[in-house]
Amino acid sequence: MKVLLLNGSTRKNGCTWLALSEIAKVLNTEGVETELVQMGGDPIRDCMGCNGCAGKGRCVFGDDLVNELIKKAEGADGFVFGSPVYYAHPSGQLLSLLDRLFYAGGGAFAHKPEAAVVTALRAGTTA
């Protein structure tokens, strides 16, 4: 069994990464293979609804992390998505990424367990 963990924060080794790392440790002690993917600080395009991905299992834009994550998702049995909360919701980059992941590669995620982990400080929790 393999679980893919996605850090939706652009800060490597920040709070969200730490939370995901702790989850990975627990899963590893139970014999579950894990891979923690850092989203990074590169721009992520929004989904344009162009439908160019229909039936292809990949997004027409190949200049960011989306298609690589779809490939990884095909080999995963479950997912944990992590994000910081800055303004009462997951990071904007993560939302754009997830829109395109699920639209273009939804089959790689279908019927597989998923969980979410968020980290928040001060203003992120006020709304």
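This report describes selected local features of a predicted model.

## Arg100 and its surroundings

Arg100 belongs to helix α3, which spans residues 92–105. Arg100 is buried, and its relative accessible area is 2%. The side chain of Arg100 forms a polar contact of 2.6 Å with the side chain of Asp64.

Leaving aside residues up to four places away in sequence, Arg100 touches Ile44, Arg45, Asp46, Cys47, Cys59, Phe61, Asp64, Val66 and Gly105.

## Cysteines

A disulfide is a covalent bond between the sulfur atoms of two cysteines. With a cut-off of 2.5 Å between cysteine sulfur atoms, the count of disulfides in the model is zero. Cys47 takes part in no disulfide, and the nearest cysteine sulfur, that of Cys53, lies 6.5 Å away. For Cys50, the closest cysteine sulfur is also in Cys53, at 6.4 Å, which is too far for a bond.

Cys47 is partly exposed, with a relative accessible area of 35%. Cys50 is likewise partly exposed, at 46% relative accessibility.

## The buried face of helix α2

Helix α2 covers residues 66–74, and its buried residues are Val66, Asn67, Leu69, Ile70 and Ala73. Viewed down the axis of α2, these buried residues fall within an arc of 160°, so they line one face of the helix. An α-helix has 3.6 residues a turn, so residues three or four places apart point the same way.

The buried residues of α2 pack against the strands β1 (2–7), β2 (33–38) and β3 (78–85), and against helix α3.

## Two loop residues with positive phi

Asn13 lies in the loop between β1 and α1, the latter formed by residues 15–29. Although Asn13 is not a glycine, its phi is positive, at about 70°.

His111 is located in the loop between α3 and β4, where β4 comprises residues 114–120. The phi of His111 is near 60°, a positive value in a residue other than glycine. His111 counts as exposed, with a relative accessibility of 86%.

Notes:
Residues numbered from 1 in each chain as written. Predicted model: local features only at pLDDT ≥ 70, side-chain atom pairs only at ≥ 80, totals over all residues. Heavy atoms only, no water. Helix = DSSP H or I, 4+ residues; strand = E, 2+ residues; numbered from the N terminus. Buried < 20%, exposed > 50% of the residue type's maximum accessible area, 1.4 Å probe, protein only. Polar contact = N/O pair within 3.5 Å; in protein donor to acceptor, adjacent residues only side chain to side chain. Contact = heavy atoms within 4.5 Å. Arc of directions from axis to C-beta.
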